[in-house]
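Please open the model in your viewer and keep the selection panel at hand. The stops below go from the whole chain to a single pair of side chains.

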Protein chains: 2
Amino acid sequence: MEFWVNRDCFYKAISDVSRAVSAKTSIPILTGIQIIATEEKLTLVGSNSDIFIESNIPMTINNEKILDIFEPGSVIISAKYLIEIVKKLPNDVHVKMNGRQLVTIKSDDIITTLNGFQADDYPKLPRIDEDASVRLSNTELKELINQTTFAVSKNENKPVLTGVYLSFQEKQLTLAATNSHRLAIRKLFIEAYLDGACIVPGTSLNELSKLMQDESGHIHIYITESYITFKSVNMTLYSRLIEGNYPNVLGLLPKDAKTVITIKTSQLLKGIDRASLFAYEGKNNRINIEIEDGSKMRISSNSSEVGKIEELQNIKEINGQRDLNIAFDGRFLMDALKAIKEEEIQLSFGGSMRPVLIEPIGNPNYLHLISPVRTY
Amino acid sequence: MEFWVNRDCFYKAISDVSRAVSAKTSIPILTGIQIIATEEKLTLVGSNSDIFIESNIPMTINNEKILDIFEPGSVIISAKYLIEIVKKLPNDVHVKMNGRQLVTIKSDDIITTLNGFQADDYPKLPRIDEDASVRLSNTELKELINQTTFAVSKNENKPVLTGVYLSFQEKQLTLAATNSHRLAIRKLFIEAYLDGACIVPGTSLNELSKLMQDESGHIHIYITESYITFKSVNMTLYSRLIEGNYPNVLGLLPKDAKTVITIKTSQLLKGIDRASLFAYEGKNNRINIEIEDGSKMRISSNSSEVGKIEELQNIKEINGQRDLNIAFDGRFLMDALKAIKEEEIQLSFGGSMRPVLIEPIGNPNYLHLISPVRTY
């Protein structure tokens, strides 16, 4: 194996695939990045065996030559060292492997030699079923992920809740995430005739969202029995699916409300953020919400040792019963409010022991449901 | 105590004095900030009993009213909560204390109440001897600190080496810092007739440097038996001195050299940085330096398990013996090179077992001495 490659393209690809590589692994070969040089392109793969990230470097970008393959081949090199070396190289990189997995990386007068691993031992990439696919814009997919994934459970005792539920039905894609105290649901109309559902680890979707940070364009989604694949022009992420049955979260949504309030999203977020100051002292980050004089919302928290904070906020509109006294985990409220882009939200309360439904005004495709914490 | 204050000025002062407050302290009152309101100004003090930082807020800045005192008084409030609250307040702040150290902080419709400590229990500020002072520009003082303090020892076994030695002699201020493997010395001509020396904790000087980040203007230095004080217009830092005798570091400087090399500072820094990649694997971060063909410098490091890196750098000028093979701790070389602003440096080697003297070309007031590490 021998090739020459543009330093910046090589570094970007190494950084991207390194995201899948775990520093703490009992399988030494998974600390490495697989490099495959063929006649047409250079492929890099990183994996922790649950996620695979593949990045391809073509021969040219915008008619500019960025890669030259002198001899095809493949090798595994330590991700940690490869990324550190290439980051500090001043210029284009020449990589050559001799017979015994000894890899020489040369740039100007700087020569580095690294011991590689045998490429045959690296895990194989999952297969893609090209027939069943959905096409989304990167922007849409990022928004779907960022508006739901934060709500998954961190607790491994119920594995299905650590994942996001993806369901394709009647031209509609639905993402749902819950930790059994809060629920986020986001829908999107899609142009694909595909039926089915799967549970994708929240960690995989977070990695995907970071990988797509600067990317525009489109992404294709493929689902097989045990893997979901997200494929853009030069980057592919494969994630293992979580097995099990996801709870029927749509059945949880309340049908009626006692008190319905319209309020400004950012104003409420700032108030909850301030009130969280003392909430963190106790359990559950308890924030109290009360209706005062039928037209104001009082947000407060207190810690008997340190002090208390309270503020009054204007309500834009209120319908139904005007007496309300309820407490929530402030973090759950803030996560939900941060994920909403719309200026105003509607809060539907069913009483002090029932969850609140949060819906952005003017967007019927997104909602949050948050359970109260007990006030005694 | 009751006052009104501009939010931004109050937040800046709280942030500044909080630097001296340690979260981990067995003395509860030291987790607080002392607030003193007099007829003329508001004074905030934070301390960990080794350092005191004092910040003053005047009644006006540029003829704009930023403070109004309704009732003088003083109180101690938890630094952690005060900083978090004021950071999140939207507008000017009204602070009022009732009889029992209960402090109310009000901004718009937001009311916070905090339990304070009794102000009498707070440690007293050290006294300043106004007679003996030196005046420096903030820029100069920051440079002096940043060019020496990194070289102090982290090891508490020899307390004097955790401090920077400040000596005032014959219109010259000298700062020296060493961990017994490397030494940094910086001199400055000053306009003060002051004789004496003291050892200032490196941590105090680092705090001072951060405090002065955005400040221009001048600073006055006062020294008493057990404290050094740095005083600018609205900010004062008092630091306890380290007792003991500082080693005679000037006596360590070598008088002659076998090989003298002139080389570009940033080029050498980048080379050492790259070579450090494998140096971190072993002990002492060992970087090897050799003269090759009498005109090039070979910089290398290796790790038997992972690999090796080497590069050849051009030397601008070389005098004396042309055979050299020496090894250093790469971090010490990098720290020294980063602190040098001049484009070129002169390296004076006395042989492979003797320390190297590093001097910036064109600046006789700054030098580094770094001991080699053994190559076997």
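What follows is a short tour of one interface between domains.

Begin by colouring chain A of this predicted model by domain, taking 2–121 as domain 1, 133–250 as domain 2 and 253–370 as domain 3. Then select domain 2 of chain A together with domain 3 of chain A, whose C-alpha centres are 28 Å apart.

Next, show the residues in contact across this pair, where 14 residues of domain 2 of chain A meet 12 residues of domain 3 of chain A. Between them the two domains bury about 1,200 Å², and 53% of that area is on carbon and sulfur atoms. Within domain 2 of chain A, select Q147(A), R182(A) and L183(A), which supply 39% of the area that this domain buries against domain 3 of chain A, more than any other three residues.

Now turn to the polar features of the interface, where 8 residue pairs are found in polar contact, both residues of each being at pLDDT 80 or more. On the side of domain 2 of chain A that touches domain 3 of chain A, the elements giving two or more residues are α3 (138–148) and β15 (182–189) of chain A, and β15(A) gives the most, with 6 residues. By class, this side of domain 2 of chain A holds 6 nonpolar, 4 polar and 4 charged residues.

Finally, how many salt bridges are there between domain 2 of chain A and domain 3 of chain A? The count is 2. To close the tour, display the side chains of E143(A) and K341(A), which form a salt bridge with an N to O distance of 2.5 Å.

Key
Residues numbered from 1 in each chain as written. Chains lettered and ligands numbered in written order. Predicted model: local features only at pLDDT ≥ 70, side-chain atom pairs only at ≥ 80, totals over all residues. Heavy atoms only, no water. Domains from an automatic or database assignment. Contact = heavy atoms within 4.5 Å. Buried area = accessible area lost by both parts, 1.4 Å probe. Salt bridge = Lys/Arg side-chain N within 4 Å of Asp/Glu carboxyl O. Polar contact = N/O pair within 3.5 Å; in protein donor to acceptor, adjacent residues only side chain to side chain. Helix = DSSP H or I, 4+ residues; strand = E, 2+ residues; numbered from the N terminus. Nonpolar A, V, L, I, M, F, W, Y, C, P; charged D, E, K, R; others polar.
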